[in-house]
Amino acid sequence: MSEKDELLLEVIVKRRSGRAYSDKPVPDEMLESILEAGRRAPSCANTQAWNFVVLRASEVLNEAHEALSRGNSWAKEAPIMLIVAAREDGGCPAHQLPYFMMDVGLATENILLQSFHLGLMAHPTAGWNEEKLKEVPGIPDEYRIVTVIFIGYEGDIEELDERNREKEKTPSTRKPLSEIVHWNKW
Ligand SMILES: Cc1cc2nc3c(=O)[nH]c(=O)nc-3n(C[C@H](O)[C@H](O)[C@H](O)COP(=O)(O)O)c2cc1C
């Protein structure tokens with residue numbers, strides 16, 4: 001493996017979905033490069049099903065926090081909520097699979113990696129009330145919110161409640177390759 005390959009894998013492995021955010025503002029140039037990374041993702045037949053809605057004005061964030069599930073209250077400290085929304089018919093129709101979800105997933109991973117590369121934390125979530133959240137920025141009915149990514153600088157883990165503090169201290173785990181890779185035969 002070249003040195004370059006090792007560096008990319010290191011970034012992928014080190015990225016975590018952190019929960020302790022600082023209220024330090026994220027510079028516009030950083031946010032723009034994160035959105036650019038999302039836009040550059042591959043998508044089925046280049047359909048680019050994703051839409052990004054950036055919430056960062058404090059009154060808008062306060063309203064959006066009402067839609068969070070109780071388990072995600074840590075997210076209220078993050079200075080940016082990035083909603084990723086798409087139409088269910090926005091992807092390509094191959095195999096009758098909902099490829100809009102794959103487009104959005106690829107854009108999301110680009111966003112997570114670029115955020116981490118810039119020294120920020122980015123945490124994708126599904127724990128919120130979709131209808132309530134759509135009302136805040138006025139997302140049209142025909143769009144679905146697929147994920148909300150919380151972005152910001154890392155804060156102090158000790159300020160989290162005990163449950164979330166423990167989660168932060170738990171090492172990241174994945175299934176071993178032997179369980180998920182099939183060589184030549186399933
Ligand atoms: C689609 C999706 C939804 C998620 N929803 C939540 C969520 O609502 N709350 C939360 O704390 N983490 C959420 N996560 C983060 C996962 O729990 C996390 O990615 C997983 O435990 C692996 O940890 P890591 O990202 O730190 O490696 C979500 C991740 C994905 C991809």
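**Helix packing, sheet and ligand shell**

Analyst: In this predicted model, the axes of helix α2 (residues 28-39) and helix α4 (residues 99-117) come within 7 Å and cross at roughly 145°.

User: Which residues make the contact, and how many of them are nonpolar, polar and charged?

Analyst: On the α2 side the contact is made by Ser33, Ile34, Ala37 and Gly38. On the α4 side it is made by Ala107, Asn110, Ile111, Gln114 and Ser115. Gly counts as polar here, and the residues of the contact of α2 with α4 divide into 4 nonpolar, 5 polar and no charged.

User: Is the crossing of α2 and α4 left-handed or right-handed?

Analyst: The two axes cross at roughly 145°. The sense in which α2 passes α4 is right-handed.

User: Which strands are at the edges of the sheet?

Analyst: The open sheet has 4 strands in the order β1-β2-β4-β3, with antiparallel pairing. An edge strand here pairs on one side only, and this holds for β1 (51-55) and β3 (121-125).

User: Which residue of β2 is the bridge partner of Val54?

Analyst: β1 pairs with strand β2 (residues 80-87) in the antiparallel sense, over 5 bridges. Within β2, the bridge partner of Val54 is Leu82.

User: Which strands does α4 lie across, and at what angle to β2 does it run?

Analyst: The strands that α4 lies across are β2, β3 and β4 (143-152). Relative to β2, the helix α4 runs at about 160°.

User: What residues are around the ligand, and how many are charged?

Analyst: The residues around the ligand are Arg16, Ser17, Asn72, Pro124, Thr125, Ala126, Gly127, Thr147 and Ser172. This shell divides into 2 nonpolar and 6 polar residues, and the number of charged ones is 1.

User: Why can the chain be called as compact as a globular protein of its length?

Analyst: The chain has 7 helices and 4 strands, in the pattern α-α-β-α-β-α-β-α-β-α-α along the sequence. The globule rule gives 16 Å for 186 residues, and the chain is as compact as a globular protein of that length because its radius of gyration is close to that value, at 17 Å.

How values were computed. Residues are numbered from 1 along each chain as its sequence is written. This is a predicted model: local features need pLDDT of at least 70, side-chain atom pairs count only at pLDDT 80 or more; totals for chains, interfaces and linings use all residues. Axes are lines fitted to C-alpha atoms, for helices over the stretch in contact, and angles run from 0 to 180 degrees between N-to-C directions. Helices (H or I, at least four residues) and strands (E, at least two) are DSSP runs, numbered from the N terminus. A crossing is left-handed if the near helix is turned anticlockwise from the far one by less than a right angle, and right-handed if clockwise. Two residues are in contact if their C-beta atoms, placed from the backbone, lie within 7 Å. A residue is near a molecule or strand if its C-beta atom, placed from the backbone, lies within 6 Å of it. Two strands pair if DSSP finds at least two bridges between them. The radius of gyration is taken over C-alpha atoms; the globule rule is 2.2 Å times the number of residues to the power 0.38.
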